[in-house]
Amino acid sequence: MFELKFPDGAIRQYENNISPLEIAEGISKSLAKRVVGAKIDGQVWDLSRPIEPKDTPQTFELINRDSDDGLEIIRHDAAHIMAQAVQELFPDTQITIGPSIEDGYYYDFVREDKFSTDDFEKIEAKMREIVDRDLPIVREEWDREVAIKHFNEIGEIYKAKIIEEIIPEGETLTVYKQGDNWKDLCRGPHMPSTGRLGKAFKLMKLAGAYWRGDAKNAQLQRIYGTAWADEKGLKDYLVRLEEAEKRDHRKLGRQLNLFHMQEEAKGMVFWHPKGWTMYRALENYIRRKIEASDYVEVKTPQLMDKTLWEKSGHWEKFGHAMFTCETVEEEILAVKPMNCPGHVQIFNQGQKSYRDLPLRMAEMGCCHRFEPSGGLHGIMRVRNFTQDDGHIFCRVDQIYSETKDFCELLRTVYNDLGVELHSVKLALRPDVRAGSDETWDYAEKMLKEAAEAAGEIVELLPNEGAFYGPKLEFHLKDAIGRTWQCGTLQLDFVLPERLDAEYTGEDGQKHRPVMLHRAILGTFERFLGILIENHAGNFPMWLAPVQVVVANITSDSEQYAKDVCHKLRAAGIRAETDVRNEKINFKIREHSLQKVPVIAVVGSREAAEGKVALRRFGSQAQEILSLEEAMAMLSTESLPPDMK
RNA sequence: GCCGCAGUAGCUCAGUGGUAGAGCACGUCAUUGGUAAUGACGGGGUCGGAAGUUCAAUUCUUCUCUGCGGCACCA
């Protein structure tokens with residue numbers, strides 16, 4: 001006998017060898033059908049695996065199929081059932097790994113022939129068949145050497161590799177059998193039988209993926225699927241994907257006439273008047289913010305001689321991503337991929353003293369990088385972009401306060417712009433790096449403590465830092481749920497050394513300043529992409545490319561419409577007229593589709609009384625105001641968040 | 001860069017081994033209409049590019065370019 005403590009606090013006694021499923025069945029049949037696993041002392045447990053008795057009561061919780069833990073189990077089972085289906089259909093396939101992921105799962109396969117999305121239907125049908133067979137899923141513990149030998153013998157080379165290369169010796173190896181003829185090395189847990197999966201799953205996409213995430217290794221064939229507790233969950237998910245597609249910045253960029261891209265300039269944006277208006281609104285905003293934070297703004301050359309880039313170290317580390325050009329006089333110039341070397345050149349002019357530090361130098365720096373073709377993505381990942389860049393030259397003892405100030409500034413900006421920070425990460429020292437361990441210890445500690453002092457929860461990324469220093473990353477989420485690094489702060493001990501930056505200290509001696517590379521938005525391109533998707537194109541007044549459209553009803557009120565527009569513009573409002581020979585319904589529809597925040601309708605009544613009839617985007621209500629009232633109200637509404 | 005998928009009018013998409021279609025947009029004309037599509041007529045395409053198979057290719061094959069989804073790389 002042993003005791004379990006239930007979520008409601010009740011402690012019950014059970015016979016040894018009882019499984020969570022038996023406990024659930026003891027409570028109610030319908031509950032037993034709904035659950036997919038259990039949690040014992042917080043550890044996920046197979047439903048059919050006997051609980052190990054302990055002297056003290058263990059906490060016990062059943063996992064429902066529609067809970068987060070439950071969905072994870074369902075998706076993991078779906079991955080296995082898919083793998084079995086694939087191997088039954090294509091016996092020449094090897095299995096490797098197949099985890100559950102957000103909203104679904106994948107499985108990586110090795111097979112000479114290529115899968116095609118045309119195979120999906122067949123695989124799904126086989127999966128449904130395996131579910132109908134309701135094969136028992138049985139957990140077994142295996143000896144390490146036996147397992148390696150076995151998997152090698154049956155030709156599952158990758159499974160053997162996983163044991164040899166990934167699983168530490170001494171860890172219990174578990175194998176899950178699905179029926180008599182299929183098994184997989186797996187940590188589990190799994191449901192008691194394949195029938196429990198249900199049929200709310202769907203194969204989504206096919207992709208290549210490198211073994212262990214390393215491009216030097218073989219490329220496997222990955223099949224992605226999604227799986228849910230029930231049909232409704234699946235349907236809702238698919239609807240959600242469709243909705244997200246409508247917010248795609250590439251689609252909205254076209255529909256709202258913000259920008260375009262074309263083959264002859266891959267990864268480079270052609271900003272149209274409307275998109276550029278948004279860009280400038282954002283740029284003006286961020287410029288005010290950094291000016292208020294005691295930055296000085298500069299502008300440095302687009303092209304600089306290759307020798308400077310060699311000296312800075314970029315040529316060696318970053319040369320593969322740099323565009324170059326050769327002059328008729330045979331100099332080789334490189335297009336800047338970063339602004340930092342230019343900023344050091346300005347810092348190096350004249351003499352600097354400790355009194356000049358911290359020196360915060362900003363630039364709306366237009367950079368070019370040769371990004372791999374497969375990585376380009378709309379305006380979020382491009383080859384030509386402009387950073388709201390800045391470099392803070394400071395003393396080592398100023399790192400903490402500069403970092404903290406930066407984090408706080410970034411917070412106010414993101415709040416103003418209405419974006420939600422997804423995560424803050426701290427990329428720690430890589431294996432190959434410059435600088436002493438003491439320096440790294442100090443640098444990592446400062447960044448972490450400063451970010452935390454600013455109220456951020458910092459996630460650590462071992463090994464991910466730049467060779468010259470650790471890096472804080474600020475991530476945002478797009479419409480499809482992908483996250484993008486936007487803001488960043490990077491510590492650099494190396495560049496000041498390489499480019500001979502120095503200042504005179506209180507002691508009269510020369511010292512090296514430390515450089516903090518930092519950007520709040522990251523790049524205007526990426527950030528605007530995020531803003532477009534986050535707002536689904538329904539921009540707040542201050543960002544909207546056209547804030548007000550003045551539409552007349554008949555040509556009688558054409559002149560009045562033009563007068564109104566003229567006055568709104570004089571008041572600083574981005575207004576346009578629509579005096580086309582069209583019905584008012586047509587105009588309302590068109591400007592609503594363009595998501596213009598305010599439509600001012602003027603007919604003969606308004607013209608006679610000096611009024612306007614305002615209609616807000618997303619509402620059918622009319623608000624009739626005098627032109628003066630409307631102007632005052634709309635000017636206030638159009639103020640950027642920092643000027644309100 | 002690697003793997004899979006796709007490329008037809010400005011946009012969204014149909015279609016076929018036998019000279020290419022729709023809706024919207026665009027142009028002209030008529031219409032002056034109070035809050036999400038007024039009507040008629042018209043112009044518009046080397047069916048991404050190149051080669052091959054064929055009497056004949058937008059359609060089949062190969063190569064290539066670009067886009068999309070992943071992977072890798074990265075703001």
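I looked up the make-up of the surface near RNA strand B, where near means that a heavy atom of the residue lies within 4 Å of the strand, and its residues divide into 19 nonpolar, 20 polar and 19 charged. Here Ala, Val, Leu, Ile, Met, Phe, Trp, Tyr, Cys and Pro count as nonpolar, Asp, Glu, Lys and Arg as charged, and the others, Gly among them, as polar.

I noted that this is a predicted model, in which local features need pLDDT of at least 70 and side-chain atom pairs pLDDT 80 or more, while totals for chains, interfaces and linings use all residues. Residues are numbered from 1 along each chain as its sequence is written, chains are lettered from A and ligands numbered from 1 in the order in which they are written, and side-chain values use heavy atoms, with hydrogens and water left out.

I then counted what surrounds RNA strand B and found 58 residues, the closest being Q219, K266, S373, Q485 and N581.

Next I listed polar contacts, which are pairs of N or O atoms within 3.5 Å. A polar side-chain atom of R250 lies 2.7 Å from a phosphate oxygen of RNA strand B, whereas a side-chain N or O atom of R589 is 2.5 Å from a base nitrogen.

I also checked which element gives the most to this surface, and it is α18, with seven residues; helices here are DSSP runs of H or I with at least four residues, numbered from the N terminus.

Conventions
A polar contact is a pair of N or O atoms within 3.5 Å; within protein, one must be able to donate a hydrogen and the other to accept it, and residues adjacent in sequence count only if both atoms are side-chain atoms. Helices (H or I, at least four residues) and strands (E, at least two) are DSSP runs, numbered from the N terminus.
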